[in-house]
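Please read them beside the sequence and the coordinates.

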Amino acid sequence: METLAVVPSSSSSRQHFVIGDDHGTLSCYKTKGGHARRIFKVSISAPIRHIVLGKDSRNSGKTRIFYSSKGNIVGIGKKGKEFFKMSTNLSEDVRSFYVEDASIYTAGDYIFNRFVDGKDS
């Protein structure tokens with residue numbers, strides 16, 4: 001499980017990092033003066049299995065945060081607002097995935113899928 005991601009920072013902003021856990025909590029922190037301060041916390045009812053960062057090249061190239069839990073993939077912004085949610089309808093949990101523009105590549109223990117604009121392709 002990869003449940004830690006470091007969000008790229010611009011020269012004028014602080015470093016952000018995102019952590020997910022087995023209790024279903026996703027937290028984003030930023031560093032300031034050597035200390036971490038929580039920006040947001042999202043709680044769900046299932047363990048977070050994987051976190052990836054994706055760039056939205058269609059909308060100004062902003063970095064987006066995506067996480068998987070069971071058969072769902074959810075996208076949130078840097079402030080914790082959910083902007084994307086997709087149920088994969090796979091027979092197994094999403095263990096790993098990769099986001100590239102409108103494509104999402106998912107992998108479980110036995111299944112590999114590609115979704116384009118939220119639809120299986």
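1. Within the protein chain, 27% of the contacts with a separation of 6 or more are between residues 24 or more positions apart; contact means heavy atoms within 4.5 Å. This is a predicted model, in which local features need pLDDT of at least 70 and side-chain atom pairs count only at pLDDT 80 or more, while totals for chains, interfaces and linings use all residues. Residues are numbered from 1 along each chain as its sequence is written, and side-chain values use heavy atoms, with hydrogens and water left out.

2. Overall form. The protein chain has zero helices and 12 strands; helices (H or I, at least four residues) and strands (E, at least two) are DSSP runs numbered from the N terminus. A compact globule of 121 residues would have a radius of gyration near 14 Å, and the 14 Å of the protein chain agrees with that. The radius is taken over C-alpha atoms, and the globule rule is 2.2 Å times the number of residues to the power 0.38. Along the principal axes, the C-alpha atoms fill a box of roughly 45 × 35 × 20 Å. Of the 121 residues, 39% count as buried, where buried means under 20% relative accessible area, exposed over 50%, and partly exposed in between (1.4 Å probe, protein chains only).

3. The sheet β1 to β4. Four strands form an open antiparallel sheet in the order β1-β2-β3-β4; two strands pair if DSSP finds at least two bridges between them. β1 (4-7) and β4 (35-43) are the edge strands, each pairing on one side only. On average, neighbouring strands of this sheet are turned by 20° against each other, direction ignored. The axes behind this value are lines fitted to C-alpha atoms, for helices over the stretch in contact, and angles run from 0 to 180 degrees between N-to-C directions. Four bridges join β1 to β2 (residues 16-20) in the antiparallel sense, and Leu4 stands opposite Ile19 in β2.

4. The β6-β7 hairpin. β6 and β7 run antiparallel and are joined by five bridges. Ile65 has Ile76 in β7 as its bridge partner. Two residues separate the strands of this hairpin, and Lys70 in the turn has a positive phi of about 55°. Seven of the eight residues of β6 are buried.

5. The nonpolar cores. A nonpolar core is a set of buried Ala, Val, Leu, Ile, Met, Phe, Trp, Tyr and Cys residues joined through side-chain atoms within 4.5 Å. The largest has 13 residues, of which Val18, Leu26, Phe40, Ile51, Ile65, Tyr67 and Ile76 touch the most other members. Two or more residues come from each of β1, β3 (25-32), β4, β6 (62-69) and β7 (72-76). Another core of nine residues lies apart from it, with Val52, Val94, Phe97 and Phe115 among them. Leaving out residues up to four places away in sequence, the contacts of Tyr67 include Leu26, Ile51, Ile76 and Phe97.

6. The sheet β9 to β12. A further open sheet of four strands has the order β9-β10-β11-β12, with antiparallel pairing. β9 and β12 (119-120) are at the edges with a single partner strand each, so one side of each has no neighbour in the sheet. β10 and β11 are joined by five bridges in antiparallel fashion, and Phe115 in β11 is the bridge partner of Ile104.

7. The salt bridge. How many salt bridges does a search of the whole structure find? The search finds one, between Asp109 and Arg95, with the closest N and O atoms 3.7 Å apart. Asp109 is in the loop between β10 (103-107) and β11 (112-116), and Arg95 in the loop between β8 (82-87) and β9 (96-100), so the pair ties together parts that are 14 residues apart in sequence. The criterion is a side-chain nitrogen of Lys or Arg within 4 Å of a carboxyl oxygen of Asp or Glu. Arg95 counts as partly exposed, at 36% relative accessibility.

8. Backbone points to check. Most residues other than glycine have a negative phi. Asn89 has a positive phi of about 55° although it is not a glycine. Asn89 is found in the loop between β8 and β9 and is exposed, with a relative accessible area of 71%. Asp101, also not a glycine, has a positive phi of about 55°. The loop between β9 and β10 holds Asp101, which is partly exposed at a relative accessible area of 47%.
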